[in-house]
Each structure stands twice: as C-alpha cells, then as structure tokens.
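Please keep the sequence and the model in view while reading.

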Amino acid sequence: MFQYVVRRTLGSIPTLFVLAAITFFMMRVAPGDPFSGNRRLTPEVLANLRRAFNLDLPLWEQFWRYIWGVLHFDFGPSIKNRDYSVSELIGIGFPTSLEVGMWAMLVAAIIGIALGIAGALRRNTSVDYSVGAIAMVGLAIPIFVIGPVAQSYFGLHLRWLPISGWGDSWTYRILPVLTLALPNIAYISRLMRGSMIEIMRTNYVRTARAKGLGERRTILRHALKGALLPVVAYLGPATAITITGSIVVEQIFSIPGIGRYFVDAAINRDYPLVMGVTLFYGSIVIFANLLTDIVRGLLDPKVSYE
Amino acid sequence: MMLANYSARMTISGMILAAIVALAQPAAAESVLTRGMGSTIGTLDPQINFLAYEGFILDDIYEGLVSPDPAGEPVPGAAETWDISDDGLTYTFHLRDGLKWSNGDPLVAQDFVNGVIRTLDPATASDKGYIFTSTISVVGAAAFNGGESTDPASVGVSAPDDKTVVIQLEKPAPYALYILNSFYFPPLHKPSFEAFGGDFIKPENIVTNGAYHLIENVPQSHVTLVKSPTYWGADSVKIDKVIYQITEDDNTAVKLFKAGEQDITYDIPSDQIEALTAEFGDQVHVTSSTETNYLSFNITKPPFDDIRVRQALAMALDRDAIINKVVKGGYVLNCGYVIPVPNYPQPQQADCAMPKDERVAKAQELYAEAGFGPDNVLALSIESSNNDAYKKIAETAAVMWKQTLGVEAKVNAQDRDSWLAAFNDGNWQVFNDNLVGDFAGPETFLAYMDPRAEAGYGWQSPEYEAAYDKAMSTEDQAERYKLLAEAERALLDTYLVIPLSSSPSRALVNSRVSGWVDNPAGWHSTKYMSVQ
Amino acid sequence: MPSTPMSGDVLSEARATNAAAPILSVRDLSVRFKLPQGAVTAVDRVSFDLHRGEVVGIVGESGSGKSQILLSLMGLLASNGSATGSARFENTEILGRTAKELDGIRGSAMSMIFQDPMTSLNPYMRVSDQLTEVLMVHQGKSQREALGIAIDLLDRVRIPEARRRIGLYPHEFSGGMRQRVMIAMALLCRPSLLFADEPTTALDVTVQAQILELLGELARDLDAAVAIVTHDLGVIARLCDRVIVLYGGRIMEQGTLDEIFYDPRHPYTKGLLASTPRLDERTHGELLTIPGQPRAAMGDLPGCPFSPRCALRTAPCDSAMPPLVADAGGRRLACHNSPLEDRRP
C-alpha cells in the first residue's frame, strides 16, 4: 500500500509538469497582458513594467524560471495583488475554502446517502417521491439563485443568520455550507438510490435474504458496501472541486477563499496567480483521486495494488 | 546608525500604535462607520494602488499637499498655503507646522518628494507615473519614469527645506491642484519602506499621515481604520472607526445596507435602482462620475476615414433611446465628450439637437452619398467589453444601424484585457470606448484626446491644438473653459467619436450619515462625515 | 397468524409426531407476475410432497417456472410476483408469510443453494463472515464458535486448507470451490429442507459430478428433504429418487426415477429423453429436438401448454387442460392422449 502511494505520487509529477506547461502557454495566447488594462501608459513605461516581472524574456525562458521557482516552492508574486505573493494568497485563502468545502461535502454525503437509501428502500412511495423532489430542486435551481434567496430570507428577513462574511461564529458557516451542499445532496442521493436499487437486485442480496438474516442486516452488511462504490468514486473529484472554493458561493457570502482567484486571475492576466492556483488545484485533484482509489480498494477486495 | 534610530522610533511608534489600538476598543459612544468596498484590494501601497476603492482607504489614511473637500474641491491639506508663479510653471507649497506621521516622526517636505520619486521610479513598477508625465508634466518626470535618467534630482519636485515643496512643470497646468492629493501625491515614510520593503504597508508596520490609521487588513474580508491622534485636524474628525467591507456581490451589499450592517455601499445593482429609490428615497445616490462613454472610429481604416460615413452612423443612433431606455442604471445621456462639469460651456455634437425624422433622413442621405446602399452594404464590427452596460450600448447601436441604414454590424463582446488589446492592435473599426478622467474637469479629458498625446486614434487637428494650448496658459477658469470648449467643438465636429453618456457613480448612503456630498470625482473622505 | 419467526421447538415437536408424513406439502401453488402488459402465470396449480431423506428433481426447460416454485417457497419472489395456494412445512403454513416471519426458518431449517456461486456470494465480504453470520444470527453462536463450525463444514465439503482459506474473498476461490462454499453455507444450521436451483449448471462438467456426489452424501447425513431444480436429465439421473416434469408452469408427469426414465408416458417426457444424447447409443446425424419453442406464461392459456408442439395433439388438447391423474403407486400424468393405465409389460 505504501509503495502504491509512493508510486502514484511520483507518477503525478509528470502530470503536474504537463499541466503547468499547457496552462503557461495557453495563458499567453489570450490577448493582452497584466498591464494592458491601463491606457494611459506610454510604451516606455509599459516596457519597464513588463521587464519588472520578467515578461520581456523569451517565453521558454520565463517558463523555465517559473518551474525552477516552483521546485524551490516559490510560486512568484501576484502581479495584481501586489501586497502578497502567490503562496501567501493561497495560504491565506485556502483554509477558508477548505473549511466551507469539507463541511459541505460531509453534509452532502451524509444526507445524500441517507436520502438515497430511504428512496431505494421505499421505492415509488411518498418517501421516494419526496427524495426525488429534493433532488430535482437541488439540481435544477442554480446556486446563484438558492444562495441569495436563502440569504434574503434567513439573513435579512428573519435575522437568524448573518447575511455575509466570515467570522469565528459557526453561524457564518450555515448558509454557505448548505447552499454549496444542496446540489451535491441532490446528486449523491440520486446516485445512491440508483446504486442501492441495483445492488438490492443482485443475487448475493437474495442469498442474504435466503439465509434469513433479516432486512436490516441484509442492507447494512451486504448491500451497503457495494452500493457505496459509485458514490465514493464521485465523492473524490467532487470534493476536490468543492474544497478549492466555489466562486459563486464565496462571492455571494463574501467568504475570503481562493475560489475567486481562478476566475479573476485569468481575467486580469495575473500569470503567476493563474499558474499557482492551477497547479494547486491539479495537486488537490490528484490527491483526491488517490484517496478515492485507496478507499475503493478498501471497500472492494477485487481491487489490488500492483 | 539609522537602524538604531529606527528601532527607537519603532518603540515610540509601537507605543503610539498601542494607544491607537486601545482607542480602537469599543468605548462608550464610539462612532463607527461601515463602508462597502466592492472587489478585493489590489494593493494598499500608496505609490502603486490604482483602483478607486483602494483610493477611499488611501484618502483616509494619507493626506497629500492639498485635500479634496466634500465636494471634491482642493483645500489646504498638509500644505497650509501655496504660491504659483506668474508663468504657471512653479508651485511652491508651505507645509503646516507640527505635522507628524502616525508613529510620531515629523512629516517633512522631503517625504512628499520621496513619494513622487518612488512613483516614477521604474523599479517600483507603478502605473501611476503617468500623472506626472502626462496629466501634468513635471520637469524630468518622463525621462526618469521611462528609465532614460536615473538621477532623482533631475525630477522637478524638490524640498529646499523641511516645510517647503517646490514643483516645476514643463507646461502650465492650471488644474494641478486637483491632483496633488492623497491618491496621486501621498508622502512616503522612507524608514519603514527601507526596513520592510513591500511589507511596509502591512498593519503591523504601516506609518500614515492622514486622519485615520490602518489597524487591520484581513484579505478579502475587511480593512479597519481608527482615528489618528497625530493628525493635525484630529479635533474636527468625528467618526472614531471606519470599517471597509469587501462585498463583491452588489446584491449582498444591498442586503447588508437594509439590515443596517453597511452604512455606505460601493455601488447599486442597476436593476434595483427604481425599487430602492421607492423604498429609500434620498438615501439612494446616483450621480455622474468621471467616466465618459462613447463610440470611436478608426479613421485610419477606410471607409471610416470618410466623414460622411461617420456622420451617418452617428445620426442613425437614437441616443436617448440607447441611454435612457435600454441602458438606464443611472447612465446620463451626454452629447459632449467631457463629463458634465459645473460652469463648463459644454458643446454638443451637432446632430443631437436635430428632430428625429430629419436626423434619420440626413443619415440615410450621407450613407448613400458615401457610396453605400442595399447593393453595397457597409459591414463593420464593434469591439466591446462584456460589461453589461457596454454590451447593451454596442448591441443597441448595431440594431439601430441595421434598421436605419441596413449596416451589417457585429458586436465582439470580450473580456476587458482582450477588448483593450484589440484597441492596441490597431485593427479595430468601431470601438465601444470610455475614458476615466483623473479629476472632474474638462482638462483631463481633452488632454487625453489631444492629437499629440497619441492615444491611438490617429487624428490631426491644428485648431484643437491651438485652442488647447491657449487654454493651458490661461489662469482664469472661465476663460480657460471657453477655450477648452472650442477645442472640444473641434473634436466633436470631426465625428471621430460619438459621445453617448457619462457612467454613474452610485451608492446607498444611510440617512444617519452626514457629510456625504455627491461629486463626480467620487471624493468622500471619512474625516468630513459623522454618524448619529 | 403472529408475525414472529418460527421457533425451533415447534418444529422439532412436529418432527417427532409425524415421522412418515411429508415434511413439505404443496397444494395448488400458483405464481403470478404483474407486468405492464398484464398479469402472467409462471406456475399453475402445482402440487407435490417432499419427505425427509428423499431427493426430488424438478425438471423442465427454461421458462417452465421451475425456479419460481423454489423461490416462492423461500419467500424470495420479486416484488411484482405473488404466490397463491398452500405450502405446509412441518404442518405450518409458509406461503404468504412476511419476510420477518420467514427469517426464522430461512437459512436454518429450510435453506437454498443458488445457481451461480460467483454472483450469489457477496464479493465484498470474506467467506468467513458470510458463513459465521448464519450461525450467529440463527443460533446465537459467538464469532469464535461459529468460525470453528464453519471451518469444520468447509473440511466436510472438501475444501483443502479450510482454515487458511476461509478468510479469503469469494473471487479468490475457483468455481467448484465456490459452490462447495455455498453448499456449506446452506447446511450450517442442519436444515431439514434443502432447495437447490441448478446447482451445477454454472460449473465445469468435470466438477459437476463431484458436487452432485457431495450434495447427495450430505443430504443423506442430515436426512434432509431435497428438491433440485434442473434442466439437465443427467443431474436427475445421478441424484434423484423422484422426478417431477414441468412444462409451462404445469406438472406434466411425475414418478420415480425408474418410471420416468424407463417408462415415460407423457409426450413431453418422451421428447426430453429422446433429445438427450446418451453415451451408450450411437446416434447418426443430428440430435433429436422437440420442434417449436417454449413460450413463457403458458399457464394463462386454456388447454395443455404443450399442445402446440405435441405429436399426439388432438382437438381437446387446445381447449381443456388435461387433469393430473394419479395411480395407486403415486405416479401422475396429465395428458388427454396418454392414459396412465397403459403399461408396457
């Protein structure tokens, strides 16, 4: 197992390198650069600004300097957020995105799995239809509608929860976590329900029943493990996406995470920040996939590490 | 040696900082103002920051030679009096007695000089240098900023003694006082900059000279300022604490305002202006800003070199419909290039006053005269940013051109940098254009469009240049404005541009706040405000 | 009837007083399925008895409804299926009971061996757990005790190195060994009634014989009543004492092994035997087949389900279901045109 982890980790380095290369060169294809936004600058000043950030060097040399920096854990300065380096920005923002994301995924997994099981076991009853309705709402209504509506109702109208912001109190977490969790609850419950229904139809669940084990034991000990596999497979990448910050939720609730960097950095042509968050996200995805595969291996004995 | 001195000073500043922080603890009857700040801060470095909302903070914590009053007019700031030479090229500022930095260090004239030099220094990589090279032309500034000269002494800003700042200009700039404020001309506290480098503006290190001092900066969340006891005018500063909240989402800000958690918002979502006005009345502030919107033609590319084509396209537009019916959101219809400025006799582009039928007929006539018609359709593309209001302008113009003249107009809506890059490439035909003036006066707009300024329009006009030059050497504002209006008239008559509107400056201001005065440049210093 | 699992005491008492009586009595068992296109009958009024110590084979083609008989007795029908009629296990009615009620005897007094051991064993659980849980649930044994019993039984079903192997997962066993595990699992609580649904169909031919032999041996040791469902006459020949021939959900013929194999009366039975290749016959050319195809749910049609394919077909065959007639020896036949009395000398 340890060897497997080491092998996967080492194998991820070429992946990240390719990711860095593609991102780096693709970014430069977009017209403009970090300073083209100010029309008052003379060509000399523009040239100076570019030189200050090494943008006048040949592309391959800039790329090589960047990789060299990365190998020393230096991800460069942020061109637009001048008071901070890229590592500082990610370091300050990520814990917040991580907290919101982890809570959201935890809530989504627990509620989603429970609802999915309930729907599967009570097929075509009012329980099942209610679960399906929740799923439809969560999947159909976008976050940027649910968020502000919840914010208006619970924050402004009822005054139960803060409208926005991020403080120490747990009350700041409720609305963003629930908003972010809802689409995942919807998807996970559908996934779990479908998977559960399929598993309940298998021959080995029939055998468990034939052994007179009782419905509860049959479900918990025999059906659940197999039914969870597709959900686990989904949770890995979904968690990666969620913990790196949903820009919509962070914007609506004024949460200081890293979600906005993904979009703003690209729009502002803040090259080092784009590279930094992309590599960061890539690493998280790789790590999440590795975790998923390990959990899958724990659940499914047919999977082996070779 | 300096370091030892410095550490002594830091101890004093530490004590003062402690005192300030102690003051910052909630005390009985402490008045707190919360202001919205829009998107996240780029930088609080006074010589580098460039965004308007960063400017609010800087305006509170730093003070320039002059200070804008609530209406945006320059009044004495760090400088108590000043003299301007007869030829308008030399400004001599006399600083007040007893000015101090927030850490107790005396504030001297050289600090202002250091600030300018740092702004211009290529090593700082600041985009604000153009203020001293193009908005006003300080002697030697362009050469220093461009890197041809490396001697700070060659720049025409000097401090002959601790209380005197002298500025030498290459050409007269009667409006100079409008820019010698905290946004463009903040002083630099050299010791802390040399000790901490780029970190010198972090709350634990920062040294300021304004009415407020920065005590907290939580990235993406908020910035907290408290009243500075070392400010010369501290007695008249009424608000004890200002919290600038970052709220990227305007709708969230409105909710915070309604809940009483944000006293002044940064903007108002355009689709909510009517509803909010109905609910909050005069707490809704919508006024013209210093941004003018217009369509530009690339007159170096046929057929836009033909004035008849340009006039036809201008006349085919129903500007009132575009601005007042489609865009709305507080945009103010403007048939002149310069934003509305008090006492400025704004010329209007000729076709604005024409009755609709006559205007449309003339447009079609000119279009045909220029050789276009159903068998020779003019095809063009409009480069626009994907900002909502701008997209609406471009798309409506395209529709109107199609309906009135049969022109095939395509709109390229793209992100900001691509949009500007399209302009710089020079391959554009029609540009959905804008200009943000450096201050609320005609000079800054007309300086930009001066053919010699080479902003990228490629046009010539000896009349413009003559009127403009004469205006710049005219001290009297009324006279100067008349001459500037002549220059603007020359611009409008060429139909190089089709002026459309000035962008709004919008804010919700809680009625418990007094001291807020609407002004186009958007100066709203907290030191003039008070709350109930 | 109370909705509680049946207790072992009631059963053993029943056993003691009814030594020669059938342990399972099925009367007019019918199984219907509700499909979108209407209701379909898979098993049509089937009746038979099972006695301890005997092996009964239920033979028929696929779609004849034979598996459904077993599933309905075990209470494992799909949710759109329903069983009517009566089935008395040791004098207690088991048809129509809830799952909870049946759980007391399923897996302990009455158990089932399924067809495909690869899919019928839980791939995510160790074999040890799948075995021990039966003992822990039904007999309250501790994990340790149960493991000991399970290992012994694996030895008994001739799995080498049972102690080491029991901790493995099903996919780590070969096909034949998996079926042995299934057999062991069904026998852990020493059932008195054992059902086997095509127990060797999924196995290699070479392994089939071993499994059948094992099954027979174990059943004899327990003196259990066994019902085997299969389409393979070879299985029947090897293992069964009595044979029930099923077609279209209906019993066509029933008799002892010798009677059915050496003196078949029903045209379908004859056709089945004729189409089975035999090692001791020389066949020239093609294998014989029964013309036509079986149709599902023929029990809904009037008349004999086999008549479309029957060589002896006459007019009444299509309109009236031939009654299942029994003779004194317990032999039964359902055919209009093959009377029971017609015995060859």
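## Interface, strands and salt bridges

Chain A and chain C bury about 2100 Å² between them, 58% of it on carbon and sulfur atoms; buried area is the accessible area (1.4 Å probe) that two parts lose on being put together, summed over both. The model is predicted, so local features need pLDDT of at least 70 and side-chain atom pairs count only at pLDDT 80 or more, while totals for chains, interfaces and linings use all residues. Residues are numbered from 1 along each chain as its sequence is written, chains are lettered from A and ligands numbered from 1 in the order in which they are written, and side-chain values use heavy atoms, with hydrogens and water left out.

### Where chain A meets chain C

At this interface, 21 residues of chain A are in contact with 24 residues of chain C, contact meaning heavy atoms within 4.5 Å. Between the two chains there are 13 residue pairs in polar contact, both residues being at pLDDT 80 or more. A polar contact is a pair of N or O atoms within 3.5 Å; within protein, one must be able to donate a hydrogen and the other to accept it, and residues adjacent in sequence count only if both atoms are side-chain atoms.

On the side of chain A that touches chain C, the elements giving two or more residues are α8 (203–210) and α9 (215–243) of chain A. The largest share, seven residues, comes from α9(A). Helices (H or I, at least four residues) and strands (E, at least two) are DSSP runs, numbered from the N terminus. By residue type, this side of chain A divides into six nonpolar, six polar and nine charged residues. Here Ala, Val, Leu, Ile, Met, Phe, Trp, Tyr, Cys and Pro count as nonpolar, Asp, Glu, Lys and Arg as charged, and the others, Gly among them, as polar.

The rule finds three salt bridges across the interface of chain A and chain C. A salt bridge is a side-chain nitrogen of Lys or Arg within 4 Å of a carboxyl oxygen of Asp or Glu. One pair in salt-bridge contact is Glu133(C) and Lys211(A), at 3.2 Å from N to O.

### Salt bridges elsewhere

Over all chains, the count by this rule comes to 48 salt bridges. Four of them are set out here.

| Salt bridge | N to O distance |
|---|---|
| Glu133(C) and Lys211(A) | 3.2 Å |
| Lys202(B) and Glu88(A) | 3.9 Å |
| Arg480(B) and Glu443(B) | 2.9 Å |
| Glu198(C) and Lys66(C) | 3.6 Å |

The salt bridge between Lys202(B) and Glu88(A) joins two chains, because Lys202(B) lies in the loop between α6 (190–196) and β8 (212–218) of chain B and Glu88(A) in helix α4 (residues 86–121) of chain A. Lys202(B) is buried, with a relative accessible area of 14%, whereas Glu88(A) is partly exposed at 35%. Buried means under 20% relative accessible area, exposed over 50%, and partly exposed in between (1.4 Å probe, protein chains only).

Within chain B, the salt bridge of Arg480(B) and Glu443(B) links helix α16 (residues 477–494) to helix α14 (residues 442–449), the two residues being 37 residues apart. Both Arg480(B) and Glu443(B) are buried.

In chain C, Glu198(C) pairs with Lys66(C) in a salt bridge. Glu198(C) lies in the loop between β7 and α9 (205–222) of chain C and Lys66(C) in helix α2 (residues 66–74), so the pair ties together parts that are 132 residues apart in sequence. Glu198(C) and Lys66(C) are buried.

### Two covered strands

Strand β7 (residues 193–197) of chain C has five of its five residues buried. Leu193(C), Phe195(C) and Asp197(C) point one way from β7(C), and Leu194(C) and Ala196(C) the other way. In a regular strand the side chains alternate between the two faces of the sheet. Strand β6 (residues 110–113) of chain C runs parallel to β7(C), joined by four bridges, and Met110(C) has Leu193(C) as its bridge partner. Five bridges join β7(C) to strand β8 (residues 225–230) of chain C, also in parallel, with Ala225(C) as the partner of Leu193(C). Two strands pair if DSSP finds at least two bridges between them.

In chain B, strand β16 (residues 497–508) has 11 of its 12 residues buried. Strand β11 (residues 284–297) of chain B pairs with β16(B) in the antiparallel sense over 10 bridges, and Thr287(B) stands opposite Ser505(B).
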